[in-house]
Amino acid sequence: MKEAKPIIVLTVIAAVAAALLSLVNTGTAASRDAADRNFKLASLEQVLPEYANEPDTETIEAETIGGKPVRLYPARGPEGEYVGVAVELDSMPAYGGVIALLVGVDAERRVNGLKVLPGHQETP
């Protein structure tokens with residue numbers, strides 16, 4: 001029985017820690033989602049011309065000719081007219097992995113802005 005006691009204690013500690021982590025994760029999910037959306041909207045504002053819609057709610061999933069996935073965020077003016085699009089895509093694999101980019105293009109097909117999104121492992 002002496003040999004089983006440490007195992008039982010460790011099992012109880014692990015179960016309590018797992019339950020606490022699960023509660024914290026569930027409790028903070030909404031605020032994390034809101035922070036992610038705010039970051040996405042701020043990034044879109046940096047690369048797109050002035051727009052009146054919510055581009056993150058009108059996302060279009062597509063593929064490049066090579067089959068790589070891209071995400072499109074259409075931007076519309078106050079009367080629903082097309083004013084530009086932001087394209088979220090990944091670069092070719094680099095030394096530290098892929099680099100996620102957000103490229104804004106206006107209605108005249110000119111690059112309006114470029115943002116390197118967080119998460120890459122490249123040296124700046």
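**Reading patches and salt bridges**

Guide: Ile8, Val12, Val16, Leu20 and Leu23 make a nonpolar surface patch of about 480 Å². Keep in mind that this is a predicted model, where local features need pLDDT of at least 70, side-chain atom pairs count only at pLDDT 80 or more, and totals for chains, interfaces and linings use all residues. Residues are numbered from 1 along each chain as its sequence is written, and side-chain values use heavy atoms, with hydrogens and water left out.

Visitor: What are patches made of?

Guide: Residues with over 30% relative accessible area and no salt bridge; like charges are joined within 9 Å, nonpolar side chains (Val, Leu, Ile, Met, Phe, Trp, Tyr) within 5 Å. Areas come from Shrake-Rupley with a 1.4 Å probe, and for residues only the protein chains shown count as cover.

Visitor: OK, and how many salt bridges does the structure hold?

Guide: Side chains of opposite charge can pair when their charged atoms come close. The cut-off is a side-chain nitrogen of Lys or Arg within 4 Å of a carboxyl oxygen of Asp or Glu. The structure holds eight of them. One of these joins Arg71 to Glu88, with the closest N and O atoms 3.7 Å apart. That pair links distant parts of the chain, 17 residues apart: Arg71 sits in strand β2, Glu88 in strand β3 (residues 82-90). Strands are DSSP runs (E, at least two residues), numbered from the N terminus.

Visitor: Is Glu88 buried or exposed?

Guide: Buried means under 20% relative accessible area, exposed over 50%, partly exposed in between (1.4 Å probe, protein chains only). Glu88 has 16%, so Glu88 counts as buried, while Arg71 at 30% is partly exposed.

Visitor: Which residues are linked with Arg71 and Glu88 in a network?

Guide: Lys40 and Glu61 join them in a network of salt bridges.

How values were computed
Helix = DSSP H or I, 4+ residues; strand = E, 2+ residues; numbered from the N terminus.
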